[in-house]
Amino acid sequence: MVEHLACFKSNRLDAGDHFHSLNDRASLLIRKWGTMAKPKLQNMPDLSQRAVPGAEISVTVTPKAARDGIAVREGAIRIAVTAPPENGKANAAVRAILAKAMGVAPSKLTLKRGQTSREKTFVYSL
């Protein structure tokens, strides 16, 4: 397949454009339109009653999930995140989701226990 270089110079896609790989096309689309936004969480439970200063919030985390989500069953909070458990990426994603469900800023939640575990305990502080 012959790559059509004119599309790279003009930074737009035409019907006759050919690419060597999907990566070539993806990089062009990203340059043109930017990256895609993450889908918003739907059906988020209201955890605002747990926003008590000094309260410990225990959660069970599933990293590298298909999509982000939060569920409360029988008082237990389960959070699924798409982020991998490397360099604190999953912990940051869990903190953001939990903070959104509680209606507080993520900086108000501190990870007390479970830095490398699926069972985590966050503390809410003012």
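**Exercise 1. Does Asn 91 count as buried or exposed?**

Solution. Before we start, note that this is a predicted model, in which local features need pLDDT of at least 70 and side-chain atom pairs count only at pLDDT 80 or more, while totals for chains, interfaces and linings use all residues. Residues are numbered from 1 along each chain as its sequence is written, and side-chain values use heavy atoms, with hydrogens and water left out.

Step 1: take the cut-offs, where buried is under 20% relative accessible area, exposed is over 50%, and partly exposed lies in between (1.4 Å probe, protein chains only).
Step 2: Asn 91 has 10% relative accessibility, so this residue counts as buried.
Step 3: locate the residue, which sits in helix α3. Helices here are DSSP runs of H or I with at least four residues, strands are runs of E with at least two, and both are numbered from the N terminus.
Step 4: list its contacts (heavy atoms within 4.5 Å). Leaving out residues up to four places away in sequence, Asn 91 touches Leu 111, Gln 115, Lys 120 and Phe 122.

**Exercise 2. Which strands do the buried residues of α3 pack against?**

Solution. 
Step 1: collect the buried residues of α3, among them Ala 90, Val 94, Ile 97, Leu 98 and Met 102.
Step 2: recall that an α-helix has 3.6 residues a turn, so residues three or four places apart point the same way.
Step 3: the partners of the buried residues are β1 (56-62), β2 (69-73), β3 (76-80), β4 (109-113) and β5 (119-124).

**Exercise 3. How many salt bridges does the structure hold?**

Solution. 
Step 1: apply the criterion, a side-chain nitrogen of Lys or Arg within 4 Å of a carboxyl oxygen of Asp or Glu.
Step 2: the count is two.
Step 3: Glu 56 pairs with Lys 112, with the closest N and O atoms 2.4 Å apart. This pair joins strand β1 to strand β4 across 56 residues of sequence.
Step 4: Arg 113 also meets Glu 56, at 3.4 Å from N to O. Here β4 and β1 are again the strands involved, and the partners are 57 residues apart.
Step 5: together, Glu 56, Lys 112 and Arg 113 form a salt-bridge network.
Step 6: check accessibility; Glu 56 is partly exposed at 41%, Lys 112 is partly exposed at 47%, and Arg 113 is partly exposed at 44%.
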